[in-house]
Amino acid sequence: MKFSNSQKIFRHASRTLLALGFTINSALARDSFPDISQLSSQAGWPDPLLRSNGQSVTSPKEWQKKRRPELKALFEHYMYGHMPPRPSAMKFSLERVDRSLFDGKATEKEIIIRLGTNTAPEMHLLLVVPNHRTKPAPVFVGPNFCGNHTVLADPQVALPAGWMPKGCPGVTNNHATDAGRGAQVDVWAIEQSIDRGYAVATFYHGDVEPDRPDASEGIRGWYAKGRKAYDWGTIAAWAWGVSRAVDYLVTDKSVDPDQIAVVGHSRNGKAALLAAAFDERIALAIPLQAGCGGTAPSRGKTGESVKQINDHFPHWFNAEFKKFNDQPERLPFDQHCLIALCAPRPVLLPNATEDTWANPQGQFEMLQAAEPIYRLLGAGGIEANQMPEVGKLVDSTLGYYIRAGKHSMTKEDWRVFLDFADKHFGKPGNK
């Protein structure tokens, strides 16, 4: 991937902070934020180039040094919560390697990421890399819903040991069983990515934080037990987990550390976008049908509302976000600002025609509203004035796609992901 000067500067700054052990959180004090009653009501999208003090951002330097940290701090305080830095005691353990996957086309690795000492949760990262490459492969990384054993038809993949939703295939008494093996092969379509020259890395999001309220065994509960308190919700915990997977990927010589793309569907898509916004080592983001709390506007009049998402999933966001249930127009940002935090890196928002709950039209408007930041940084924007026809990929830096069908992740979606990555990374087969 060829990076512009702005991209090189941002990526260097990000790596410097991470190397020094800094959290990605803003240095702004938490007590400096006004209560919701003191926030002004804004019916339209808040201007991403207008700072809280009323000053306009007119240069890339002002964006990077002033507005970007401010927006990150606002999202942390009013919506997602504050995430911890990388754990100092984190360790990687390569548990298994199989170089014969897909009739010898790929190597499969299982890695345990120990997130701390004693009783800290462990992430089980599954990494599949194409064989017969002369250079490290670009890699997609993202959380899955039902365990690594569901995305490959391989009896050797370890079953998740923790709690799992009863709706996942093969689950008995909220625990995974062999009956679920390979049940979601088409959801991740890993062999298709291998055939296109891409690696794929995934982990069960419940390894980091189970998807239920008051899950004491997750990473949030672990930090809460006599350690520093964080006000993060489950979406932030999953995004933090993506960054821990990236911590490993940048050490693995079989993948390209400069070509890491994050992908996630639905609630995992919310986490994927948040991870990309806060972790600049991620070079490209594809949050699929992420909807409210992710890629759709909180002020939207279509689909899921802030109140509905907080009522149904009280653990996903922090307590502050619930104050906006009946007055989302008081939020000092909207989701276009989260997309803007990814600038100048490419972002694709894929959708489906029947998935009105995720507000496909509103997502397109979020891309349009984020465009001024991308233009300021010389990264282009979205090369469409209106939503494209069904089945047509808009593959500009800010990309959009809508297909026929419902809320799901399919092999067709992955074909579009690969096409978008080819455009911005360059086709792996040409290297």
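Residues are numbered from 1 along each chain as its sequence is written, and side-chain values use heavy atoms, with hydrogens and water left out. Because the model is predicted, local features need pLDDT of at least 70 and side-chain atom pairs count only at pLDDT 80 or more, while totals for chains, interfaces and linings use all residues.

**Stop 1: the cavities**

Rolling a probe the size of a water molecule over the atoms shows where empty space is left. A cavity is a set of points, on a 1 Å grid over the protein atoms alone, where a 1.4 Å probe fits but cannot get out. Lining residues have an atom within 4 Å of a point. Grid points are joined across faces, edges and corners, and a volume is the space filled by probe spheres set on the points.

The whole structure has 3 cavities of 30 Å³ or more. Select E110, H124, N148, A158, L159, P160, Y204 and D207 to see the lining of the largest cavity. Its volume is about 60 Å³. The lining divides into 4 nonpolar, 2 polar and 2 charged residues. (Ala, Val, Leu, Ile, Met, Phe, Trp, Tyr, Cys and Pro count as nonpolar, Asp, Glu, Lys and Arg as charged, and the others, Gly among them, as polar.)

Next, select C292, A296, P297, G300, T302, G303, E304, W357 and N359, which line the second largest cavity. About 40 Å³ of space lies there. By class, this lining has 4 nonpolar, 4 polar and 1 charged residues.

**Stop 2: N359**

Stay on N359, one of the residues lining the second largest cavity. N359 sits in the loop between β8 and α13 (360–376). (Helices, H or I of at least four residues, and strands, E of at least two, are DSSP runs numbered from the N terminus.) N359 has a positive phi of about 60°, although it is not a glycine. With a relative accessible area of 5%, N359 is buried. (Buried means under 20% relative accessible area, exposed over 50%, partly exposed in between, with a 1.4 Å probe and protein chains only.)

**Stop 3: aromatic rings**

Show the Phe, Tyr and Trp side chains. Rings of these residues (for Trp, the six-membered ring) pair if their centres lie within 6.5 Å; planes under 30 degrees apart count as stacked, over 60 as edge-to-face and the rest as tilted. The structure holds 19 aromatic pairs.

Pick Y78 and F324. Their ring centres are 5.8 Å apart and their planes stand at 85°, so this pair is edge-to-face. The two come from distant parts of the chain, 246 residues apart: Y78 is in helix α2 (residues 60–80), and F324 is in the loop between α11 (319–322) and α12 (335–340). Y78 is buried, at 0% relative accessibility. F324 is buried too, at 0%.

Now move to W222 and Y223. The ring centres are 5.1 Å apart and the planes are at 85°, so this pair is also edge-to-face. W222 counts as buried at 8% relative accessibility, and Y223 counts as buried at 10%.

For a group of rings, select F75, Y80, F317, F321 and F333, which form one aromatic cluster.

**Stop 4: charges over rings**

A charge sits over a ring if NZ of Lys or CZ of Arg is within 6 Å of the ring centre and within 35 degrees of the ring normal. Find K72 over the face of F278, at 5.5 Å from the ring centre. Then find R212, whose charged end sits over the ring of W163, 5.0 Å from its centre.

**Stop 5**

Select L39, in the loop between α1 (5–19) and α2. L39 is buried, at 11% relative accessibility. Leaving out residues up to four places away in sequence, L39 touches P34, Y78, F324, R330 and P332. (Contact means heavy atoms within 4.5 Å.) L39 and L331 are 292 residues apart in sequence, but 7.5 Å apart in space, C-alpha to C-alpha.

Go on to K270, in helix α9 (residues 267–278). K270 is buried, with a relative accessible area of 4%. Among the residues K270 touches, beyond four places away in sequence, are C292, W316 and F317.

**Stop 6**

Centre on A343 and P344. The peptide bond from A343 to P344 is cis, with omega near 5°. P344 lies in the loop between α12 and β8 (347–352).

Finish at A189, in the loop between α4 (185–188) and α5 (190–195). A189 has a positive phi of about 45°, although it is not a glycine. A189 is buried, with a relative accessible area of 7%.

Key
On a 1 Å grid over the protein atoms alone, a cavity is a set of points where a 1.4 Å probe fits but cannot get out, and a pocket is an open set with protein on both sides within 12 Å along at least five of seven lines; lining residues have an atom within 4 Å of a point.
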